[in-house]
Amino acid sequence: MTVHVKQDKPATDNRLDTMRQNVIGKPVSRIEGLAKVTGTAPYAAEYPVEGCAEGVLVTATITRGSVVRIDAQSALGMPGVIAVIDDERLTTRPAQGTANEAPQQKPRTVCYWGQPIALVVAETFEQARDAAQQLVVEYQPEDDVAVSAEATDAEEQDDETVRMGNLDKAMSDAAHSVDCTYTTKGHASAAMEPHAAIAQWDGERLTVHASLQMLNYNITELSDALDLPESRIRLISRYVGGGFGSKLGVSEEVVAASLAALQLDRPVRVVMSRQQVFEGIMRRSETTQRLRLACDSDGRLTGFGHEALVSNLPGEGFAEPVLQSSHFLYPGENRELVLKLSRVHRMTAGSVRAPGEAVGMPALEAAMDILAERAGIDPVELRLRNIPDKDPEQGLPFSSHKLAECLRQGAEAFGWDGGARKPRMRREGEWWIGTGMASAARVHNVGEARARVTLKADGTALVETDMTDIGTGTYTIVAQIAGEMLGLRPEQVLVDLGDTNHPRGPGSGGSWGASSTGSAVYVACMAIREALAERLGIDETGLVLADAKAGNGTLLTELLRGQDMVREGHYKPGSISDDYLASGFGAFFSEVRVNHFTGETRVNRMLGAFGFGRVLNAKTARSQCLGGITWSIGMALTEALEFDPRDGHLVNRDLAEYHVPVHRDVPDLDVVLVEERDAAASLIQAKGIGELGMCGGAAAIANAIYNACGARVFDYPMTPDRVLAAMPE
Amino acid sequence: MPDELIVNGASHPLPQDPRVTLLDFLRHDLGLTGTKKGCDHGQCGACTVIVNGLRINSCLTLAAMHAGHEVTTIEGLGIADEPSALQRAFVEHDGFQCGYCTPGQICSATAMLAEIANQWPSDASESLEGPIEVSGDEIRERMSGNLCRCGAYANIVAAIRDVAALEGIA
């Protein structure tokens with residue numbers, strides 16, 4: 001039996017708070033934790049499959065042009081080689097998140113350096129790798145290919161553009177103003193598990209173990225690519241070794257392994273090399289951003305301008321949504337927000353953790369620091385004076401808004417003194433010490449989701465959904481929601497995720513998984529509660545469930561009378577999505593030291609205070625925030641995709657040259673979880689959390705660099721050479 | 001035996017193909033997939049195992065080079081019913097998210113604590129000789145070869161500090 005709930009109104013009843021099991025929100029350790037720490041949790045490539053052949057992708061070594069000839073014989077003569085697959089259904093890019101259709105195919109047309117063009121299949125990985133390197137490919141390259149954003153005319157993205165009032169006049173009338181331009185480099189998701197798939201074809205049905213975030217979309221994308229009905233495909237992603245956007249859409253190795261399995265009638269595994277992941281999966285676009293801020297003598301914003309230039313491949317609809325939170329974070333009746341997209345032949349630009357705000361907020365929040373200095377107002381106070389009471393562009397009410405609380409609680413926990421701020425006030429040996437802060441904002445999304453809950457005759461529960469756990473804590477929070485509703489401990493709830501045979505949901509992406517699928521689990525559990533209440537002859541609101549029994553002492557097992565009780569919950573966001581502007585908010589504080597002689601920056605300590613609705617699990621929620629802050633450190637100081645300006649190839653295509661933060665880059669971090677229930681965000685009053693922790697954090701570091709040593713740097717990452725060049729004598 | 005290597009106490013014949021890395025031998029030939037492949041180039045540490053008591057990147061060495069050597073993988077450190085102190089501490093402190101770098105972090109930390117106990121200095125040590133304090137920076141420096149993209153570092157360090165104190169390595 002399926003129960004449908006469309007949410008048109010805020011869920012102000014906070015029912016989870018009225019339950020008695022007392023597990024929701026608690027810092028429960030991950031229920032799959034022991035499997036992960038003992039190495040027994042199987043990731044996509046790790047299923048033992050009898051007779052599995054090994055495939056290695058071959059990628060293009062030109063930027064633009066065509067593959068004229070693939071000499072299959074050059075590989076087929078080698079030991080163990082089974083086939084060279086150059087089927088025109090091979091996909092050449094990953095699908096964008098929620099694309100729901102096959103990405104670009106026809107691999108003989110090359111659009112970027114590193115694009116997959118063929119797959120070599122052999123008995124062993126070593127044989128396939130060797131043969132893939134030896135495969136002879138002839139190209140017809142094209143000349144004069146645009147590889148950098150400045151080299152082409154950019155298209156204005158109309159749906160992102162807002163012009164209100166007269167910003168030029170506001171700037172010239174302002175008591176204080178800022179007009180500056182920032183750049184950010186491209187970023188890679190660099191999830192620790194490289195993209196991988198094992199495809200098995202039994203003559204009727206294709207089963208693929210893959211590392212994907214959004215199975216309900218991925219199955220359609222794969223079906224479309226293969227021209228095989230969805231009913232004949234099963235996708236399984238029980239453990240995903242990190243996603244960060246890079247596994248939102250079906251990726252090239254999934255389609256290649258599937259085509260090979262179909263053609264060869266035997267299982268085929270394809271694991272991308274780290275270099276192939278860097279070259280052939282998503283990049284976050286580099287950006288150039290102009291910020292114009294105008295305020296009156298009290299620091300109240302009168303003008304707000306944010307223009308951004310981003311890039312993508314021809315044919316891709318995605319434009320890094322840099323201005324996403326700029327539309328509503330701060331007031332200013334004179335506004336100009338413009339996003340432009342240029343077409344370049346670099347690998348696909350798409351979602352990398354917190355697309356938009358990850359780069360937009362650090363530019364905006366660095367500019368706000370300059371405005372605070374010019375206005376002579378403490379940076380925390382400047383933000384407190386500029387919290388709009390409704391969405392400044394469309395006039396929508398906020399569903400819930402905790403920026404002020406985050407700023408105040410964060411400042412207190414960090415020890416922000418609010419006194420006069422001047423650079424170079426503190427020095428220890430070679431090091432200048434300083435502090436900085438920034439606001440955080442990230443739009444909240446919620447989507448349609450289904451989940452099946454079975455309250456078993458033995459008094460345990462089973463939850464089934466295709467939702468994935470990419471490290472976010474899904475397994476555990478789903479067990480906590482069901483446990484709270486049904487009166488069970490989390491370990492009495494078996495959570496079965498990542499299988500398209502289960503009821504489907506939106507998957508992991510855009511921080512929407514927990515609130516969407518969590519709401520579907522809530523709906524199913526509520527239906528079970530109603531059925532149990534009926535058996536007891538009481539109203540559901542009077543039903544108390546805790547420790548596997550009802551309030552009157554009746555055991556769940558007695559109430560079930562030897563039979564499982566099954567309900568499917570179907571949650572759909574209704575007009576709440578249109579009636580409110582929902583967003584997570586937060587505040588970052590950091591202390592850094594900058595070396596006077598080398599320009600090297602080290603983060604001494606960092607704190608984030610965040611409000612994102614109900615905290616479902618204080619331990620895993622905190623970890624999500626720690627992860628975001630860690631990414632903020634990477635973006636501020638080290639992470640940059642570097643492209644060869646001549647041919648657009650990615651120069652630093654591995655983890656030795658693309659510098660993600662390592663242990664020694666990350667000090668002890670503090671997280672403050674601000675109490676909030678957002679009734680219009682989802683049925684469980686929760687908002688997204690996986691991305692908020694990096695939406696602005698890099699600016700807290702940039703502003704601390706200035707406060708420490710007086711260097712205003714306008715280019716992220718703030719590497720020693722850049723800091724040194726901006727350092728005053 | 002000269003043509004065998006010992007993994008978690010059991011002997012296995014070396015692979016026929018000399019190109020097989022120790023990592024691929026463990027994952028593919030022995031089915032010990034707890035050891036992870038993150039980069040295959042010694043850049044991420046996900047494949048860290050302990051060979052004759054020392055931690056190494058198993059992707060950077062060929063299986064054929066380890067005849068007679070004793071290899072300990074994550075599966076050899078503990079099992080779900082009987083986890084090692086570090087495995088338990090990683091769960092308690094949430095020292096991981098996706099879990100893919102985790103076996104490497106734990107193998108690395110296991111051998112790293114032994115290095116500190118043996119008074120091997122690091123870049124973060126106060127001096128080249130004398131007692132080594134198990135500080136946060138000492139752990140961070142020694143663990144910097146193990147990348148975690150989820151950003152669980154702060155929790156990993158907390159888990160390791162707990163175990164170091166528990167085992168009296170401080």
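Trainee: What should I know before I start?

Mentor: Residues are numbered from 1 along each chain as its sequence is written, and chains are lettered from A, with ligands numbered from 1, in the order in which they are written. In this predicted model, local features need pLDDT of at least 70, side-chain atom pairs count only at pLDDT 80 or more, and totals for chains, interfaces and linings use all residues.

Trainee: How many helices and strands are in chain B?

Mentor: Helices (H or I, at least four residues) and strands (E, at least two) are DSSP runs, numbered from the N terminus. Chain B has 6 helices and 5 strands. Their pattern along the sequence is β-β-α-β-β-β-α-α-α-α-α.

Trainee: Which strands form the open sheet in chain A, and in what order?

Mentor: Strands of a sheet pair through backbone hydrogen bonds, either parallel or antiparallel. Here, two strands pair if DSSP finds at least two bridges between them. In chain A, 7 strands run in the order S4-S6-S2-S15-S12-S13-S14, with mixed pairing. S4 (81-85) and S14 (233-236) of chain A each have a single partner strand, so one side of each lacks a neighbour in the sheet.

Trainee: How many bridges join S13 to S14 in chain A?

Mentor: There are 4, and the two strands run parallel. A:Thr207 has A:Arg234 as its bridge partner in S14(A).

Trainee: What does A:Ile701 contact?

Mentor: Contact means C-beta atoms, placed from the backbone, within 7 Å. Beyond neighbours within four places in sequence, the partners of A:Ile701 include A:Gly436, A:Val592 and A:Leu637.

Notes. Contact = placed C-beta atoms within 7 Å.
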